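I record what I looked up, in the order in which I looked it up.

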Amino acid sequence: TLLVLDFGSQVTQLIARRVRELGVYAEILPFDAPLEQLRAHAPKGIILSGGPSSIYDEGAPRLAKDVLDWCLGGEMPVLGICYGMFAMVAGLGGKVRPAKDREFGHAMIVVDAAAGPMTEFAGEGATGAGHEEPVWMSHGDEVESLPEGFESVAHSASCAHAAIYSEAGAGMWGVQFHPEVSHTRRGTALLGRFLDLCGFARDWSMGAFVEEAVARIREQVGDQGTVICGLSGGVDSSVAAALVERAIGDRLHCIFVDNGLLRKNEREQVEAMFAGRLHNPLVVADAGALFLDRLAGVTDPELKRKAIGATFIEVFDEKAHALGGADYLVQGTLYPDVIESVSARGPSATIKTHHNVGGLPEKMKMGVVEPLRELFKDEVRRLGLHLGLPETMIWRHPFPGPGLGVRVLGEVTEPRCAVLREADAIIIEEISRAGLYRDLWQVFGVLLPVRSVGVMGDARTYENALAVRAVESVDAMTADWAHLPYEVLGRISNRIINEVRGINRVCYDISSKPPATIEWE
Ligand code: XMP
């Protein structure tokens, strides 16, 4: 194992991810984890992460004395990144000070000596000392004086010690920049060389992740524990369920809530995907009528979301009880959800009340199993493929918990859902046929609470308008409307107006997020 001690940087998880991409298993532990816990991992190397604090801030994270002595005692190689480098320097008697010029973002470093962390940078392409390398910086402090035994091996315009190195012990490296960020061109190479220095075989893979995750789930749940999973058919819950299934088999029960707000054939697809894959048959809650009943007369988007969320909990709870309850609930939480929820960015405005299975564990007094907590979306996809889930499911676009409830604007009724379902299926079909599905983050239809006049044959029509929404995004935090080819838009519009009774006008949504959001409600 490689241990990453986390000082709170937003990109700490990227370190672990890069290391895993390089074939080494990495674990992240908080900087204040007790020494015995760190030792128990018997790490072959340690990376000290960056962090948001200045080392002089009151309450800035500091390693406990015994941990510091152990980390820097020479037992294994250590790499300090940004704040981690300051912690190392300060711990060994060097000095850190607030920088005159703070650096954020792209920067150039100049390699002064092809030693330690800079070997990779200066070596390739006979670049040698004096070579410039693009890196990504984010710091307000800088190293003022080095501890004994250290040499400076790179500098930048605004900092004298952009990379430092000491041969002492098993080797100590420090870098002011962030090698884990892709803007640091040779950052991955640097991390790779560090791993080699630690003596790793670089043979870790998704297969190994599965084994370890399975072992962890078994340990958490114990020999007797029972687990329940709310399966939506989306990538995250499906992969989480498949993993837990592998760990505990028949002690897992999966519940799928058909809320009547699903897309065309969605329930059948989910049933088919899990048929034969689970020890216990998928429990399907047929609750469409109940949800529609709760939504009758509700037009305010937040009230709709709340009604759907509350009904979901009620239905899920009832099914879980019928199964005899469970000790744990599986959640498909991903790493980005973890960062957003723990970040200290202060209270932020509620744009939309997101509905997942949040709120359930408290109500039902269950523990939570979150086997995907350390992964990014693309890693979850690879894991899903590794677990044998079908490609069509792995690449499915995200679909919001409240489903068509937030895509039928205004009151949600079954006839309106039915109209949207047909139009939406045509959109997906044409986008897939054009080979564009995987390039898009999401594409879907929105049924507007607007009617407009048209002419069909010789008759006047007065029917619904539908918006097509297609966006490109990497994380849904921001999104651009997709510049779909006119021919594809043309085919979508033609087919919908001709084939879907009740729609006589199709519009294309050309707003980006922000200021619009991806969903309309
Ligand atoms: P917005 O509309 O806020 O959506 O730009 C961002 C992303 O989140 C999805 N979304 C949801 N996902 N529960 C979910 O699990 C929800 O309640 C929910 N609302 C929106 C949306 O589809 C987009 O991918």
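**Entry 1. Contacts, overall form and confidence.** I began with the contacts of the protein chain: of those between residues at least 6 apart in sequence, 75% join residues at least 24 apart. I note here that the model is predicted. I then counted secondary structure and found 17 helices and 18 strands in the protein chain. Along its principal axes, the C-alpha trace spans about 90 × 55 × 40 Å. Of the chain's 521 residues, 40% count as buried.

For confidence, I read an average pLDDT of 90 for the protein chain, with 94% of the residues scoring at least 70. The model scores ipTM 0.98 and pTM 0.76. I marked residues 342-348, where pLDDT stays under 50 and the model has zero contacts beyond four places in sequence. Where pLDDT is low, the predicted coordinates should not be read in detail.

**Entry 2. Domains.** I looked up the domain assignment, which gives domain 1 (2-198), domain 2 (206-394) and domain 3 (413-508). The C-alpha centres of domain 1 and domain 2 lie 38 Å apart. I then examined where these two meet: five residues of domain 1 are in contact with five residues of domain 2. On the domain 1 side of this meeting, I recorded two nonpolar residues, two polar residues and one charged residue.

**Entry 3. Active-site annotation.** Which residues carry the feature "active site" in UniProt? The record, an unreviewed entry, places this feature at Cys82, His178 and Glu180.

I took His178 next and found it in the loop between β9 (172-175) and α6 (187-198).

I find Glu180 buried, because 26 other C-beta atoms lie within 10 Å. Leaving aside neighbours within four places in sequence, I list Val11, Leu14, Ile15, Arg18 and Gly187 as the contacts of Glu180.

**Entry 4. Nonpolar cores.** I turned to the largest nonpolar core, which has 73 residues; Val227, Cys229, Val239, Val244 and Ala423 touch the most other members. Which helix gives the most to this core? Helix α8 (residues 235-248) does, with nine residues. The core draws at least three residues from each of domain 2 (206-394) and domain 3 (413-508).

Beyond four places in sequence, Val239 touches Gly332, Leu372, Val380, Leu383, Gly384, Leu387 and Leu389. Apart from this core lies another, of 60 residues, which includes Phe7, Ala26, Ile46 and Ile47. As background, I note that in soluble globular proteins nonpolar side chains tend to be buried together.

Methods. Residues are numbered from 1 along each chain as its sequence is written. This is a predicted model: local features need pLDDT of at least 70, side-chain atom pairs count only at pLDDT 80 or more; totals for chains, interfaces and linings use all residues. A nonpolar core is a set of buried Ala, Val, Leu, Ile, Met, Phe, Trp, Tyr and Cys residues joined through C-beta atoms within 7 Å. A residue is buried if 20 or more other C-beta atoms lie within 10 Å of its own, exposed if 12 or fewer, and partly exposed in between; C-beta atoms are placed from the backbone. Helices (H or I, at least four residues) and strands (E, at least two) are DSSP runs, numbered from the N terminus. Domain bounds come from an automatic or database domain assignment. Two residues are in contact if their C-beta atoms, placed from the backbone, lie within 7 Å. UniProt positions are given in the numbering used here, feature names are shortened, and annotations may be inferred rather than shown by experiment. Ala, Val, Leu, Ile, Met, Phe, Trp, Tyr, Cys and Pro count as nonpolar, Asp, Glu, Lys and Arg as charged, and the others, Gly among them, as polar. pLDDT is the predictor's confidence in each residue, from 0 to 100.
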